[in-house]
Amino acid sequence: MGIQNLGLKINKGGSNPSDGIVIRGGQSLGGNPYVMWSTENGTDWQEYFNIAITWRTVSKGSVGTGQNTYGEWHSTLWSRVEAVDCNPHKVAGSDRWWWSYDFGSLGIYTDQGWMEPSGTNMQLEIAPFGWGFDDRKYDAIQMQMAVRAIWHEGLEIDGSNESPRHENNSMYIYYIPAYTLDGVYFDYSGMRIEYSAPGWTRLDDRWSPEAITQNGQSLIKYSKGWWDVIGEVGTIRVPIDDMTRMPTGGTSVHVKIGINSAFRDYCELQVALEGYYTIVDQTVCNTPRLTLVSATEERVQIRVADSGDKGIPFDAANVMIQGSVFDTDLAQVEPGGIATIALPPLGASFTVAAIGFTDSARSDVETLTVPAIAGNSDFILSPVDTGYSPVRLRFNPSESWTFAPEMESVKFAGRAYDSVAFGYGGSATGNVSCDIVDTTMYGDMYQSRTDFENLMFAGKCVLRGPDGERRNVVVESVDESWDNLRRFKRIQISMREVS
């Protein structure tokens with residue numbers, strides 16, 4: 001006559017309930033769960049049942065870390081339920097009677113006194129808004145339940161008219177989110193896996209990789225079981241030190257990760273986050289798009305836009321003349337901004353290069369060819385940032401350069417020639433000269449000798465020739481000479497090319 005098979009079901013019919021119910025993301029039961037049990041006899045013996053229950057819960061949300069996040073056990077509630085109200089039925093293949101009762105209606109009495117109303121029931125206590133995943137009050141409920149049958153008057157076994165107490169102390173209602181893989185990314189810090197689990201915001205879930213592979217090869221080292229706790233909702237991070245190699249961007253990656261809440265045992269109700277996703281290389285950001293705004297003898301202006309080609313916007317872009325060693329050429333602008341390069345080459349087309357960047361990514365190089373800026377036969381020597389005026393070598397200009405390697409030669413006795421040791425680089429020294437007309441009576445042919453003399457104090461300058469020549473120089477000396485006519489002077493400027 002003993003009671004057996006005490007458990008829960010999501011419907012009142014059939015047989016063989018389980019220890020608990022798992023309600024997954026987006027799922028609604030469409031009603032209440034049922035408590036179910038079995039006996040040898042039906043209503044001919046059973047008059048009513050006493051069902052007692054206590055429980056503890058894990059609050060919904062991002063509460064706690066570690067394994068013991070359940071609250072205290074609740075005081076016991078119980079119900080007297082008439083046997084005829086417990087859906088007595090038999091099923092094919094079983095000679096037992098099966099009983100089921102609305103789980104949410106249990107608990108109308110307390111354990112403090114006989115038939116003392118509790119003012120509540122299990123529905124109000126653990127699922128006041130409904131049993132569905134989105135309606136839940138808790139993320140998990142563990143229960144201990146006991147059932148005893150009371151028989152009709154006159155029916156006894158061994159002098160008792162009630163069955164032995166039957167218990168199940170391992171009952172549960174668990175809510176499990178539905179995980180969807182939303183993206184896989186990598187940069188120099190490692191790999192980032194993005195996922196969604198609507199309605200689930202716990203920060204203490206554990207994760208363990210079963211497979212993260214690309215082209216059949218593992219991207220991770222299997223040096224530990226449970227790797228870490230998910231500390232960001234929707235994000236799993238694989239540090240670069242735990243990876244076997246950097247992935248290849250734009251290629252599919254297979255991800256299979258086990259996730260388990262910290263309040264469960266490690267292997268209890270582990271859920272898989274699995275899928276294939278094209279990994280995004282976040283070491284490469286969007287390529288800049290360059291548009292020429294204006295190009296004059298004094299400056300070139302280029303608008304820098306974000307092409308959006310890699311899916312990762314750049315924070316800013318470095319823009320300069322391709323191959324230039326001029327520090328002053330480098331312009332740094334945000335997307336949509338205008339880069340200005342001062343003192344561009346004259347008389348020949350040149351190329352401007354741009355590279356975008358973020359804290360962890362660099363873009364491909366983008367280039368733009370700037371058509372030749374119209375010049376004439378003049379050389380122009382322009383101070384970079386001291387405020388002194390540029391000078392033009394207009395009349396009878398000439399130019400010469402001497403290039404010498406960095407070396408030291410020593411004549412050893414007994415050798416026919418010097419021995420030499422070379423250093424790095426060398427030096428380039430040059431001279432430019434021109435005639436000037438140093439009087440205003442000649443109108444726009446006039447050039448002040450003072451502007452040429454001030455070059456000694458101008459610091460770095462840029463020498464530009466009529467055929468695209470452009471050098472970063474410092475002036476070492478300025479020589480002036482003239483004959484009887486002082487208004488016509490010969491100017492010679494000695495320079496040294498610098499980096």
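Analyst: Start with burial: buried means under 20% relative accessible area, exposed means over 50%, and partly exposed lies in between, with a 1.4 Å probe and protein chains only. This is a predicted model: local features need pLDDT of at least 70, side-chain atom pairs count only at pLDDT 80 or more, and totals for chains, interfaces and linings use all residues. Residues are numbered from 1 along each chain as its sequence is written, and side-chain values use heavy atoms, leaving out hydrogens and water.

User: Why is R470 called buried?

Analyst: R470 has a relative accessible area of 15%, so R470 is buried.

User: What makes D329 and R470 a salt bridge?

Analyst: A salt bridge is a side-chain nitrogen of Lys or Arg within 4 Å of a carboxyl oxygen of Asp or Glu. The side chains of D329 and R470 meet at 2.8 Å, N to O. The two ends are distant in the chain, 141 residues apart. D329 sits in the loop between β21 (316-321) and β22 (331-333), while R470 belongs to strand β31 (residues 470-482). Strands (E, at least two residues) and helices (H or I, at least four) are DSSP runs, numbered from the N terminus.

User: Is D329 buried or exposed?

Analyst: D329 has 1% relative accessibility, so D329 counts as buried.

User: Which residues does the salt-bridge network join?

Analyst: Salt bridges with shared partners connect R136, D139, R202 and D204 into one network. Within it, D204 pairs with R202, and their closest N and O atoms are 3.0 Å apart. D204 is at 1% relative accessibility, so D204 counts as buried. R202 is at 2%, and therefore R202 is buried too. The structure holds 20 salt bridges.

User: What does the salt bridge between E297 and R392 tie together?

Analyst: The N to O distance for E297 and R392 is 2.3 Å. E297 lies in the loop between β19 and β20, and R392 in strand β27 (residues 391-393), so the pair ties together parts 95 residues apart in sequence. E297 has 21% relative accessibility, so E297 counts as partly exposed. R392, at 26%, is therefore partly exposed as well.

User: How do you know that Q447 is buried?

Analyst: Q447 has 9% relative accessibility, so Q447 counts as buried. Q447 lies in the loop between β29 (419-437) and α2 (449-453). Contact means heavy atoms within 4.5 Å. Not counting residues up to four places away in sequence, Q447 touches R392, R394, F395, D435, I436, V437, D438 and F452.

User: What makes the nonpolar surface patch?

Analyst: M441, Y442, M445, L485 and F488 make a patch of about 460 Å². Patches take residues with over 30% relative accessible area and no salt bridge; nonpolar side chains (Val, Leu, Ile, Met, Phe, Trp, Tyr) are joined within 5 Å, like charges within 9 Å. Accessible areas come from the Shrake-Rupley method with a 1.4 Å probe, and for residues only the protein chains shown count as cover. M445 is in the loop between β29 and α2. M445 has 34% relative accessibility, so M445 counts as partly exposed.

User: Why do β19 and β23 stand at the edges?

Analyst: Three strands form an open antiparallel sheet, in the order β19-β20-β23. β19 (288-295) and β23 (338-342) each have a single partner strand, so one side of each is left without a neighbour in the sheet.

User: How many bridges join β20 to β23?

Analyst: Two strands pair if DSSP finds at least two bridges between them. Five bridges join β20 (residues 299-306) to β23. Q301 stands opposite T340 in β23.
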